Amino acid sequence: MATPHHGDGGCAQPAGAWPTWVLSNHDNPRHRTRYGGDERIARAAAVLLLSLRGTPFLYAGEEFGMGDAAPTDPPRDPAGRDGCRSPIAWTATPPHGWRGVTPWLPFGTDASTANPEVQADDPTSMLSLYRAMLQLRRAEAALHRGEIRLVPVAGHRSLLAFDRIAEDRALRVLVNMGEDAIPLAPHLAPGILGERGGSILIRSDPAATTSDVPGALAPYEAAVLG
């Protein structure tokens, strides 16, 4: 993966390469597990992953918010990768869509909820968030091929802010990585996103609406403005 660096105008551009980004894979604990199982953090991470400049890769099941399964006893894999390699649950009840075959690893404890049968028609689900972000990424040139510019943030060490820009279209991505709410007004950038600072296109908080710009970004919340 290329290492981003700062250039003129606060631009963060890969050093001579198109970067790739990944949150989880079959050799390491899934990011939902690494983040302590906190769905808020996993949701914010999804928005971040799918708004970065470069190519994002999704590990099977992360779009449902899968975490690692409990370690097998005895372990099947000597490197301890059984948990992150647990099979995807396609339905809520056993055998979770695996008819006529028994997976060689056990299902995770979240199999009854982290599956498409439960999440497909729920607009607040993790799957719906991934779908919304992928749809926005396809629709917005700024997200799928635009440049990225890191935005300096004063007074909030836990806030990551950057702009994605293509032609005359700009989007701002804000990610609150801390436990305290952060006022949004200082970070709306009316010069880039219009006099009103843009509108919310995506929010990682499943209970939030996207119709109005909120006064603050909640703890562990990410938002895309445009």
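## Basis of the description

Helices in this report are DSSP runs of H or I with at least four residues, numbered from the N terminus. By that definition, L143 has its place in helix 5, which spans residues 141–144. The model described here is predicted.

## Overall composition

The protein has 226 residues, of which 46% are buried. Its secondary structure comprises six helices and 11 strands. The exposed surface comes to about 11600 Å², and carbon and sulfur atoms supply 55% of that area.

Contacts across the sequence can also be summarised. Of the contacts in the protein with a separation of 6 or more, 58% are accounted for by residues 24 or more positions apart.

An open sheet is formed by five strands in the order 5-6-7-11-9, with antiparallel pairing. From one strand to the next, the twist averages 20°. In general terms, the strands of a sheet pair through backbone hydrogen bonds, in either a parallel or an antiparallel manner.

## Strand 6 and its partners

Strand 6 covers residues 159–166 and pairs with strand 5 in the antiparallel sense over four bridges. Two residue pairs show how these strands meet: L150 has F162 of strand 6 as its bridge partner, and R149 has D163 of strand 6. On the side of strand 7, eight bridges join strand 6 to that strand, and the two run antiparallel. F162 takes part here as well, with V173 in strand 7 as its bridge partner.

Strands 6 and 7 form a hairpin with two residues between them, and E167 in the turn has a positive phi of about 55°. Strand 6 is mostly covered, since seven of its eight residues are buried.

## Helices lying across the sheet

Helix 2 (residues 39–49) lies across strand 6, strand 7 (169–176), strand 9 and strand 11 (222–225), and it runs at about 35° to strand 11. Helix 4 (residues 126–139) lies across strand 9 and strand 11, running at about 145° to strand 9.

How much of helix 2 is buried? Eight of its 11 residues are buried, so helix 2 is largely enclosed by the rest of the structure. The buried residues of helix 2 are A42, R43, A44, A45, A46, V47, L48 and L49.

## The surroundings of L143

L143 of helix 5 has a relative accessible area of 0% and is therefore buried. Leaving aside residues up to four places away in sequence, L143 touches S51, L52, L136, R137, R164 and L171.

## Aromatic rings and a charge over a ring

Which residues form an aromatic pair? The structure has one aromatic pair. F64 and W90 make up this edge-to-face pair, with 6.3 Å from centre to centre and 80° between the planes. The pair links distant parts of the chain, as F64 and W90 are 26 residues apart, although each is in the loop between strand 4 (55–57) and helix 3 (116–119).

The two partners differ in their exposure. Buried residues are those under 20% relative accessible area, and partly exposed residues lie between that value and 50%. F64 has a relative accessibility of 5% and therefore counts as buried. W90, at 40% relative accessibility, counts as partly exposed. Elsewhere, the charged end of R34 sits over the ring of Y35, at 5.6 Å from the centre of that ring.

## D77 in the loop

D77 is also found in the loop between strand 4 and helix 3. Is D77 buried or exposed? D77 has a relative accessible area of 9%, so this residue is buried. Not counting residues up to four places away in sequence, D77 touches D82 and R85.

How values were computed
Residues are numbered from 1 along each chain as its sequence is written. This is a predicted model: local features need pLDDT of at least 70, side-chain atom pairs count only at pLDDT 80 or more; totals for chains, interfaces and linings use all residues. Side-chain values use heavy atoms; hydrogens and water are left out. Rings of Phe, Tyr and Trp (its six-membered ring) pair if their centres lie within 6.5 Å; planes under 30 degrees apart count as stacked, over 60 as edge-to-face and the rest as tilted. Buried means under 20% relative accessible area, exposed over 50%, partly exposed in between (1.4 Å probe, protein chains only). A charge sits over a ring if NZ of Lys or CZ of Arg is within 6 Å of the ring centre and within 35 degrees of the ring normal. Contact means heavy atoms within 4.5 Å. Accessible areas come from the Shrake-Rupley method with a 1.4 Å probe; for residues, only the protein chains shown count as cover. Two strands pair if DSSP finds at least two bridges between them. Axes are lines fitted to C-alpha atoms, for helices over the stretch in contact, and angles run from 0 to 180 degrees between N-to-C directions.
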